[in-house]
Amino acid sequence: MTLVALGTASPAEALGIPLDGMYSFSEPGVPAATWKMYALCDAPSRQRAIPDFTDPLVAMNLCALNVSSTTPRAISRQEKLANFVGRARVTNDRWTFEVPKDDGVNCPNGSTAATNEIYAFDDVSLTGTHTSIHGDECGLQPGMKKTPFTL
């Protein structure tokens, strides 16, 4: 599923829960992946059927998204990094989740070091940013890289 956003005047914000299903993930320089997303919702009244879930803003606050990212194959290091599971919640009006990676950045000596991968996206335009952060490990200065992506 791919959605193209046509000119918006203001920054997008979360307006509800994305539909459960499969989404094509596309980010420059990253292998193509499929995100399977489904909502998990807490009913404060402990009832399964809660009328508030029909209000997207209420449902957003009571729900989390399970995100499972898979690639057609997992042979290269980049493909392996694109396979993960995360749980998104609304933060600053965007669905956001973090995935720690033990080997997310290449070091000058050929080894790898840990990164925190943060994904944040808008449920209407299905566009977002992927932020990769690493510390001062293996001779690298602390760094951050932010890249746009689409679903």
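Hi everyone, this short talk walks through a disulfide, a set of aromatic pairs and a pocket in one predicted model. Residues are numbered from 1 along each chain as its sequence is written, and side-chain values use heavy atoms, with hydrogens and water left out. Since you will ask about confidence: local features need pLDDT of at least 70, side-chain atom pairs count only at pLDDT 80 or more, and totals for chains, interfaces and linings use all residues.

Let's start with the sulfurs. Taking a disulfide as a pair of cysteine sulfur atoms within 2.5 Å, the count comes to one. That disulfide joins Cys107 to Cys138, at 1.9 Å S to S. The two cysteines are 31 residues apart and link distant parts of the chain: Cys107 is in the loop between strand S5 (94-106) and strand S6 (112-121), and Cys138 in the loop between strand S7 (127-134) and strand S8 (143-150). Strands here are DSSP runs of E, at least two residues, and helices are runs of H or I, at least four, numbered from the N terminus. The torsion about the S-S bond is about -80°, so this disulfide is left-handed.

Are its two ends buried or exposed? Buried means under 20% relative accessible area, exposed over 50%, and partly exposed in between, with a 1.4 Å probe and protein chains only. Cys107 is buried at 7%, while Cys138, at 31%, is partly exposed.

Now to the rings. Rings of Phe, Tyr and Trp (its six-membered ring) pair if their centres lie within 6.5 Å; planes under 30 degrees apart are stacked, over 60 edge-to-face, and the rest tilted. By that rule there are twelve aromatic pairs. One of them is Phe25 with Trp35, stacked at 5.0 Å centre to centre and 15° between the planes. Phe25 lies in strand S1 (residues 21-25) and Trp35 in strand S2, so the pair ties together parts ten residues apart in sequence. Trp35 also pairs edge-to-face with Phe121, at 6.1 Å and 65°. This second pair links strand S2 to strand S6, 86 residues apart. Phe25 and Trp35 are both buried, and Phe121 is buried too.

Last stop, the pocket: on a 1 Å grid over the protein atoms alone, an open set of points where a 1.4 Å probe fits, with protein on both sides within 12 Å along at least five of seven lines. The largest pocket holds about 480 Å³, a volume being the space filled by probe spheres set on the points, which are joined across faces, edges and corners. Of its 28 lining residues (an atom within 4 Å of a point), the closest to the centre are Gln78, Gly104, Glu117, His130 and Ser132. Thanks, all!
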